[in-house]
Amino acid sequence: MTAERTPLPRTELADLLTDAAQSVSAILTTEYSTAANRSYLHPVLGALSAGPRVACELADQLEGLIEPRPATPVGLFTLASYAAALGWLAESLAELTATVGQICTRAGIPTEPQDPDTAAPGGAEQDGEFDFAFSALEVAAIRTAAEAAGLTPGDYVEVLSESLLAASRITDACMEISSGLLEDAAYIRGAASEHAWIGDGPDNLPTLVRSLLARVEATG
């Protein structure tokens, strides 16, 4: 037999979504100390270290929302929003983790540092292309960072570019998740009551649920 509980007022439900939004956005401001020989991973290590902790916290909070199951429309709306946010975050963190693993493999972790003179055949030609893309000051900085990482400058630029792209993707995901949670929190606060407003149209679904459905339809 399912236990019953007093439904949470919409202000508290909205606060739960707001708190979750702040936790997700905080992932993007987390700093993580990066050794010089792993400097190419700096763009992603903050999110990689903070993301799983935030996901675990949201999962614990979601369990509290599920048991016992909300009995009001606004409670179910909050549950759906929270679950969508957690699922989206978990998927994004899984993609980030996989990408970081690929970067590490490409960089040779945990192998011994490579000799820059022998790591890549035809290095002179590669360096010529590399020099063309950057100023002399940038080239010097990249060569220094690459040497510390045991990579050729060209390889260093490649893994750093992959790291920056992964950081951009997790940033976009966290911003969209946070924004969606805040929109749903505002929607709940503006509801007439805890029991009335949900209808049959898509506009009555949580923001992130609508976003996920739109993505499915776009790729269908």
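Colleague: Which pattern does the protein chain follow, read along the sequence?

Modeller: Read along the sequence, the pattern is α-α-α-α-α-α-α. The protein chain has 7 helices and 0 strands; helices (H or I, at least four residues) and strands (E, at least two) are DSSP runs, numbered from the N terminus. Before we go on, this is a predicted model, where local features need pLDDT of at least 70, side-chain atom pairs count only at pLDDT 80 or more, and totals for chains, interfaces and linings use all residues. Residues are numbered from 1 along each chain as its sequence is written, and side-chain values use heavy atoms, with hydrogens and water left out.

Colleague: What is the mean pLDDT of the protein chain?

Modeller: pLDDT is the predictor's confidence in each residue, from 0 to 100. Here the mean is 83, and 80% of the residues reach 70 or more.

Colleague: Where does pLDDT stay under 50?

Modeller: Where pLDDT is low, the predicted coordinates should not be read in detail. In this model that concerns residues 116-128, where pLDDT stays under 50 and the model has 11 contacts beyond four places in sequence. Contact means heavy atoms within 4.5 Å.

Colleague: How much of the protein chain is buried?

Modeller: Buried means under 20% relative accessible area, exposed over 50%, and partly exposed in between (1.4 Å probe, protein chains only). Buried residues make up 37% of the 220 residues.

Colleague: Which residues have the most contacts inside the largest nonpolar core?

Modeller: Think of a nonpolar core as a set of buried Ala, Val, Leu, Ile, Met, Phe, Trp, Tyr and Cys residues joined through side-chain atoms within 4.5 Å. The largest one here has 52 residues, and Tyr-40 and Leu-89 have the most contacts inside it. Helix 1 (10-26), helix 2 (42-66), helix 3 (73-107), helix 5 (136-149), helix 6 and helix 7 (207-219) each give two or more residues to this core. Helix 3 supplies the largest share, 15 residues. Leaving aside neighbours within four places in sequence, Tyr-40 is in contact with residues including Ile-103, Ala-149, Tyr-156 and Ser-163.

Colleague: Is Ser-163 buried or exposed?

Modeller: Ser-163 counts as buried because its relative accessibility is 0%. You'll find Ser-163 in helix 6, touching Tyr-40, Leu-41, Pro-43, Val-44 and Ile-103, not counting residues up to four places away in sequence.

Colleague: How do the axes of helix 1 and helix 3 cross?

Modeller: Axes are lines fitted to C-alpha atoms, for helices over the stretch in contact, and angles run from 0 to 180 degrees between N-to-C directions. These two axes come within 10 Å and cross at roughly 10 degrees. So helix 1 is roughly parallel to helix 3 (under 35 degrees is roughly parallel, over 145 roughly antiparallel, 65 to 115 roughly perpendicular, the rest oblique). Among the residues making the contact are Arg-10 and Leu-17 of helix 1 and Val-74 and Gly-75 of helix 3.

Colleague: And what does Ile-188 touch?

Modeller: Not counting residues up to four places away in sequence, Ile-188 touches Arg-10, Ala-14, Leu-17, Val-74, Phe-77 and Thr-78. Ile-188 lies in helix 6 (residues 153-189) and, at 0% relative accessibility, counts as buried. Ile-188 and Gly-75 are 113 residues apart in sequence, but 9.5 Å apart in space, C-alpha to C-alpha.
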